[in-house]
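Good morning, and thank you for joining.

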Amino acid sequence: MLQPSPPRKRHGRLARSGAASMVLLAVAGYLVVQYVTGGAGAPGCKVTSVGGGSARTTYEFTPEQAVNAATITAVGTARKLPEQAVTIALATALQESALRNLDHGDKDSLGLFQQRPSWGWGTPEEIMDPAYSAGAFYDHLVKVPGYLDLPVTDAAQRVQRSGFPDAYAKHEPDAELLAAALTGRSAATLTCDGRPGATREKGPDAIRAALVRDFGHTVLQPAGTDVDADGNGNASTGTAAGSGSGSGSDERTVTVPVTGGTGAGAEREAGRRGWQLAHWAVANASALHIQRVSYAGREWTAGNTDSKWYPTTATEDKGADEGGKGAERTAGSVRITSAR
């Protein structure tokens, strides 16, 4: 006949069971927080380059880093700077701040590039604005004679005057990978999990404001639109800039027109611009609560964990517009749909 357990042993088992339950609850709570916040410190984005043969290079980074890398790239391309300039800027920010907008540093250094107000880089408030600090970096970089022909670490050092002049070199491969994707040269290579971040920025208006912040006022204007001093446009034809258009659109969708230059290579230039905008949107997905991004017959959707862009049957964003025979050729549009 089984005897009941002594009270002391029974209490010990209950205590251990209670402790185990508390651990499980704590782990579950941590996982929920990580999902909602986008997992502070945990990679949530990936850029992949597939080269010849079996060569395959991948760089994983956080949503915070993705937003800052996209801003640095957008500021550079808005100034018509080449991809190499963007690579130098990204390698510099990777070394100085790991692509985080730091409010501290050595002495009075601040921000993505650890710029110092005492050295004339701007006020603390200005330096903590990623778009401003990126612009300030490029202002100094373009003044370096022959910077495009210098090794990345040398060009960065000419601007930063760091005590560790060779430190930028180790970030060059990752910077090149990021620059290829974020300038649009490498299509459909950047993905994020799209977990909503803690920021309150959300909705189409927040997406439009962020686009203008990084690319300038003309980013939402279709070709042929006259833009006034305040950045407002008046198109003679077509839908309002930045509004939803085409089949399946709604008030949650921001449509960004994609235009190229003139002459030979215009379609390639337009396609590259389109992929830059599409990758920018994915990089900002957590911060701006973006649900879906579509361009050139491919679509990214938040929540997918296999890091892929999937084919879409939509026709409004496929290829070059056959009617684009004017001063500029169009390559459809990038469609960015907010989660709310």
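Predicted model: local features only at pLDDT ≥ 70, side-chain atom pairs only at ≥ 80, totals over all residues.

Let us start with helix 3, residues 83-97, and helix 5, residues 130-141. At what angle do helix 3 and helix 5 pack? The angle is about 120°, and their axes lie 11 Å apart. Helix 3 is therefore oblique to helix 5. The crossing of these helices, helix 3 and helix 5, is right-handed.

Which residues meet there? On the side of helix 3 they are Ala85, Val86, Ile88, Ala89 and Thr92, and on the side of helix 5 they are Phe137, Tyr138 and Leu141. Sorted by class, this contact between helix 3 and helix 5 comprises seven nonpolar residues, one polar residue and no charged ones.

I now turn to the aromatic residues. The structure contains six aromatic pairs. One of them joins Phe113 and Phe137: the ring centres are 4.8 Å apart and the planes stand at 15°, so this pair is stacked, since planes under 30 degrees apart count as such. Phe113 sits in the loop between helix 3 and helix 4, whereas Phe137 belongs to helix 5; the pair thus links distant parts of the chain, 24 residues apart.

Tyr138 is buried, as is Phe137.

To conclude, Phe113, Phe137 and Tyr138 form one aromatic cluster, and both Phe137 and Tyr138 are among the residues of helix 5 that meet helix 3.

Methods:
Residues numbered from 1 in each chain as written. Heavy atoms only, no water. Axes fitted to C-alpha atoms, helices over the stretch in contact; angles between N-to-C directions. Helix = DSSP H or I, 4+ residues; strand = E, 2+ residues; numbered from the N terminus. Parallel < 35°, antiparallel > 145°, perpendicular 65-115°, else oblique. Left-handed = near helix turned anticlockwise from the far one by under 90°. Contact = heavy atoms within 4.5 Å. Nonpolar A, V, L, I, M, F, W, Y, C, P; charged D, E, K, R; others polar. Phe/Tyr/Trp six-rings, centres within 6.5 Å; stacked < 30°, edge-to-face > 60°. Buried < 20%, exposed > 50% of the residue type's maximum accessible area, 1.4 Å probe, protein only.
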